[in-house]
Amino acid sequence: MKKKDCLTDFARYASLNVAGMIGLSCYILADTFFVSKALGANGLTALNLAIPVYNFINGSGLMIGMGGGTRYSILKGQKNDRAADQAFTAAVFLTAAIAAVFFLLGLTASGPLIRLLGADGTVYEMSRVYLQVILLFSPMFMLNNLLLCFVRNDGAPQRSMAAMIGGSLSNVVLDYVFMFPLGMGIFGAVLATGFAPVISMGILSPFFLKKRNRFRLRPVSPGGFSLQRFFHGGWLGQTGHILSSGLPSLITEVSSGIVIIVFNAVILGLQGNTGVAAYGVIANLSLVVIAIYTGIAQGVQPLMSGAHGTGEEGRVRIYLRYALMTMLLLSAAIYAGVFFGAGGIAAIFNSEKNTLLQRIAETGLRVYFTGCVFAGFNIVLSVFFTSTEHALPAHILSLLRGFFIIIPAAFLLPLAFGMTGVWCAFPLTELLVSGIGAAFLVRASAVRR
C-alpha cells in the first residue's frame, strides 16, 4: 500500500475517533458545567469524589472492547473468520460478568463506597446518589464501549463516531433539561449521563439490524458453551488474548480514577473542599485531553492491527509515525489554549466566583498540563505495542504511569512544594515514563531490523 493510501486511511480513522472521543468525554464535562451552575462548589466536590468509579467502569469496557477489537482485527487480517467471531463472543461474556459486579455494587454498597472515597456529611448524599446511578448503568456503559470498538474494527468508523457524538450531545441536552427546567439536581445530572450510552447504542443499532456487521456470536466448538470447553477449549485462550491486549486501556482509565482518589485525599488535607473543587475543574478537563489522545490511539489501532495481521510491518511503522506527529501538533495547540485561557476556563466552572478556587485552578491548569504531550506519547505507544502483539512493554508503561510512579509522586512532592507539588506529579510521571517508552521503541526497532 502506498504512503498516500496510508495517510488517507489514518486521517479518516483518527479524525473520526478523535471527534467521537471528545464527544464521549463530554459526558462528565457537561455534568461538571451544569453541576457547577446548579449546585456550586459542593456539587463539584461531590461529582469529583464519584468520578473515579466511572473511570473504573469505562476502563473495564475499553479493556474488553480494545482488547477484543485488536484480536478481532488481527484474526480478520489472517482470514480466520471463525476465531474472529469467537473473540467477539468471549468479549461479550466477559463484559456481562464484569458489568454484573458493578451493578451489584450499585444495589448494595454505594454508601460505604462513597465514604471510602472521602465524602463527608456536606456532600455525602449528592455523591452517593451520583455513584449509585453510575453503577446501576454500568452494563450500558460497558456494552456501549464494546460495540463501539468492534464496529470501528469492522470497518465502520463513521458509525462509531456518530454513536459517540450522538450519545454525548444527548447527555448535554438532558443535563440541562433535568437539572434546570425539571430541577432534579445531582440525580438529573447522573441520569442524563446514564441515558447517553443507551442512545449511543440506539444509533449503532441500524448497523446490526441491516446485518452490515461481520462479527457475530459463535461458540468456540460445536455444541455451544460449557464450563469444560471454557477451561479446556478456546474460551480461556480468547479471554487471555483480550485481557492481555486490553489491559493498557484499562490501566489508562483506571489510573485516572486512582490519581483522582489520591489527589483528592492530598488536596483535602492542603486546601479542603475548595481545593478539591478546583481540582475537579482540572481533572475533568484532563478527561477531555486524554480522550483526544485515546481517540488517536483507538483510530490507528485497527489499521496497525490489520497491517500486523497481514505481515506488513512497514505499514505499521508508517501509521505509528502519523499518530505521533498528530499527537505532537495537537499537544502544542492544547497547551497553548490552556496556558493562555486558564483564567477563563476556571471561571466557567466557578459560578460562585470563589477567589480561592479561581486562584488554585488557574495555577493548577498551567502546571498540570505541561505533561500532556508526554501522556499522549505514552498512550499512543502503548496501543502500538498491543496492536503488534507485544503486550509486555505496554503493560509496563501503563503500570508505571498509572500506579508505581504517580502515586508516590503525589504523596511526596506536596511535602516539599505544597499544592505546586500536587500539580507537578502528573507531568513528572509522564516525562519519566515517556523516556522508558522511547527506550522500548528503540529496542523494538533494533530487533525488527
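The model is predicted, so local features need pLDDT of at least 70 and side-chain atom pairs count only at pLDDT 80 or more, while totals for chains, interfaces and linings use all residues. Residues are numbered from 1 along each chain as its sequence is written, and side-chain values use heavy atoms, with hydrogens and water left out.

**Salt bridges**

Let's start with the charged pairs. Side chains of opposite charge can pair when their charged atoms come close. Here a salt bridge is a side-chain nitrogen of Lys or Arg within 4 Å of a carboxyl oxygen of Asp or Glu, and by this rule the count comes to six. Three of them are set out below.

| Asp81 | Lys76 | 3.2 Å |

Glu125 is partly exposed at 41%, and Arg128 is buried at 19%. For the pair listed last, Glu312 is partly exposed with 31% and Arg315 is buried with 14%.

Helices are DSSP runs (H or I, at least four residues; strands are E, at least two), numbered from the N terminus. Glu125 and Arg128 both belong to helix H4 (residues 124-136), where they sit three residues apart, about one turn of the helix.

**The largest cavity**

A cavity is a set of points, on a 1 Å grid over the protein atoms alone, where a 1.4 Å probe fits but cannot get out; its lining residues have an atom within 4 Å of a point. Grid points are joined across faces, edges and corners, and a volume is the space filled by probe spheres set on the points. The count comes to six cavities of 30 Å³ or more, and the largest has a volume of about 180 Å³.

On the surface, Phe103, Leu104 and Leu107 form a nonpolar patch with about 280 Å² of accessible area together. Patches are made of residues with over 30% relative accessible area and no salt bridge, with like charges joined within 9 Å and nonpolar side chains (Val, Leu, Ile, Met, Phe, Trp, Tyr) within 5 Å. The areas come from the Shrake-Rupley method with a 1.4 Å probe, and for residues only the protein chains shown count as cover. Phe103 lies in helix H2 (residues 81-108) and is partly exposed at 31% relative accessibility.

Ile318, in contrast, is buried at 12% and lies in helix H10 (residues 313-348). Its C-alpha atom is separated by 34 Å from that of Phe340, 22 residues apart along the chain.

**Cysteines**

How many disulfides does the structure hold? With a disulfide taken as a pair of cysteine sulfur atoms within 2.5 Å, the number is zero. Cys6 is buried at 0% relative accessible area, and Cys149 is buried at 1%.

Technical notes: Buried means under 20% relative accessible area, exposed over 50%, partly exposed in between (1.4 Å probe, protein chains only). On a 1 Å grid over the protein atoms alone, a cavity is a set of points where a 1.4 Å probe fits but cannot get out, and a pocket is an open set with protein on both sides within 12 Å along at least five of seven lines; lining residues have an atom within 4 Å of a point.
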